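Try each task yourself before reading its solution.

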Amino acid sequence: MKILSTMCFIFCCYQSVLCITEEQGRAYKELPNPAKIQINVPNEPHPGTRTKVITYNVKIGRHTFVELFKSTKQIGMCNPQKIEKSNDAHKVMTVSYRSNAVKKRWAFHILKDSKGEWITNGYGKVVVYDSPKGFPEYRYNIQALNAVKAWYDKHVPLNYRKITQNPHKVPETLPQKTDYRFSERDAKIKGLWKDFYKMQIKHFGKIQKIDTYAENNSLTKICFICNKSLYIFSWLKTGGRIERIHHAQLILYDRINKITFEECNGFGRFILWSDRRKMLSIGGPPTAKIHPDWKDAKVIKTAEIIRILESGPVKFVSTTHSQKISISLDDGRCFRGVYVPAEAPENYRKNKNLHDILNLSEYIKKKRWFRTWQTICE
């Protein structure tokens, strides 16, 4: 009798632990309400890397994708090409989840086989960049997958869908010029990243895990963050070089979750974002192009630079790697000068991080929480 009661007690404890574990699992997989759900489908009628956005945030039928998120399980790591080849399948849809509360961007790539059936095997975004099996492999719940397929059939226009069941056959009606244009750009991207990987091994000793990156439009530069530092890879005829951007040490790169590239009046720049807020601009037009009045700006010394940053009605600041700064005020006055750390007050002189003019400007801006200004680093 004692043995039976002991076994019952152990069984009850096991059930309690199991319930707690299941509850924790559900809490971890719970999708926050403010999370945005983005839907992409292939841009071409045959397999390719480009996709079209159906919606940046699902409004109708959101519950379908919440259930997909909650029911999907990761079963290991995989090579996407092998997954597609072994199932004779190709990508038909990508579901992405974005939110500060989710901590990272989840992406589920959903596949369809050559018979037109949606399969429960899929994969996510790359996690390990230097491994062919660097992608998480997912197993979708069949009921949740069927609900997603019903949403797809109802909301995705026919002209956005793939028109062939054979993923290796390109329709003859596709213009050859379009094929050539895409393949030429893809070949350039491949060459850019091939040399980028080689330069990583030469510069770092091994291929690094890239947190976020962006390419410029001409595919000659990559701005990226790894190891909580900012770098720019320049693709040259000799192979390329990697340069660390030292002048922005106060920016917390672990908070940067997106880098974009934009062109304006013939000049390009990389923009670092943190939750939709512009944190820093790298590159861009010369100061005279942005603000022609700076050509005739009053030249000031280090002490006056600090005084204006600390108490002046600053509207716009532009800095350079050579410690030059240009300041525009609300009343239209403009100043420019060269920052010399040795001439700065003692509290700034002692802090080596503030020996750089961009770091100094951002530091003072944080202290002046009631006033902010736009900053560009050339």
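Patches here are made of residues with over 30% relative accessible area and no salt bridge, and nonpolar side chains are joined within 5 Å. Keep in mind that this is a predicted model.

**Exercise 1.** Find which residues make the nonpolar surface patch of about 200 Å², and work out whether Met77 counts as buried, partly exposed or exposed.

*Solution.* Start with the members: Met77, Val127 and Val128 make the patch. Now for its exposure. Buried means under 20% relative accessible area and exposed means over 50%. Met77 has 37% relative accessibility, so it counts as partly exposed.

**Exercise 2.** List the buried residues of helix α2, then say what their cover includes.

*Solution.* Go to residues 62–71, the span of α2. The buried residues there are Arg62, Thr64, Phe65, Val66, Leu68 and Phe69. Then look at what lies over them: the cover includes strands β1 (36–42), β4 (89–98) and β5 (106–113), along with helix α4 (142–155). A handy rule for reading such a list: an α-helix has 3.6 residues a turn, so residues three or four places apart point the same way.

**Exercise 3.** Trace the open sheet of four strands: what is the strand order, and which strands are at the edges?

*Solution.* The order runs β8-β9-β10-β11, with antiparallel pairing. The edges are β8 (212–215) and β11 (241–244), each pairing on one side only. From one strand to the next, the twist averages 20°. Finally, zoom in on β10 (residues 229–234), which pairs with β11 over four bridges. Ser234 stands opposite Arg241 of β11.

Notes: Residues are numbered from 1 along each chain as its sequence is written. This is a predicted model: local features need pLDDT of at least 70, side-chain atom pairs count only at pLDDT 80 or more; totals for chains, interfaces and linings use all residues. Side-chain values use heavy atoms; hydrogens and water are left out. Buried means under 20% relative accessible area, exposed over 50%, partly exposed in between (1.4 Å probe, protein chains only). Helices (H or I, at least four residues) and strands (E, at least two) are DSSP runs, numbered from the N terminus. Contact means heavy atoms within 4.5 Å. Patches are made of residues with over 30% relative accessible area and no salt bridge: like charges are joined within 9 Å, nonpolar side chains (Val, Leu, Ile, Met, Phe, Trp, Tyr) within 5 Å. Accessible areas come from the Shrake-Rupley method with a 1.4 Å probe; for residues, only the protein chains shown count as cover. A salt bridge is a side-chain nitrogen of Lys or Arg within 4 Å of a carboxyl oxygen of Asp or Glu. Two strands pair if DSSP finds at least two bridges between them. Axes are lines fitted to C-alpha atoms, for helices over the stretch in contact, and angles run from 0 to 180 degrees between N-to-C directions.
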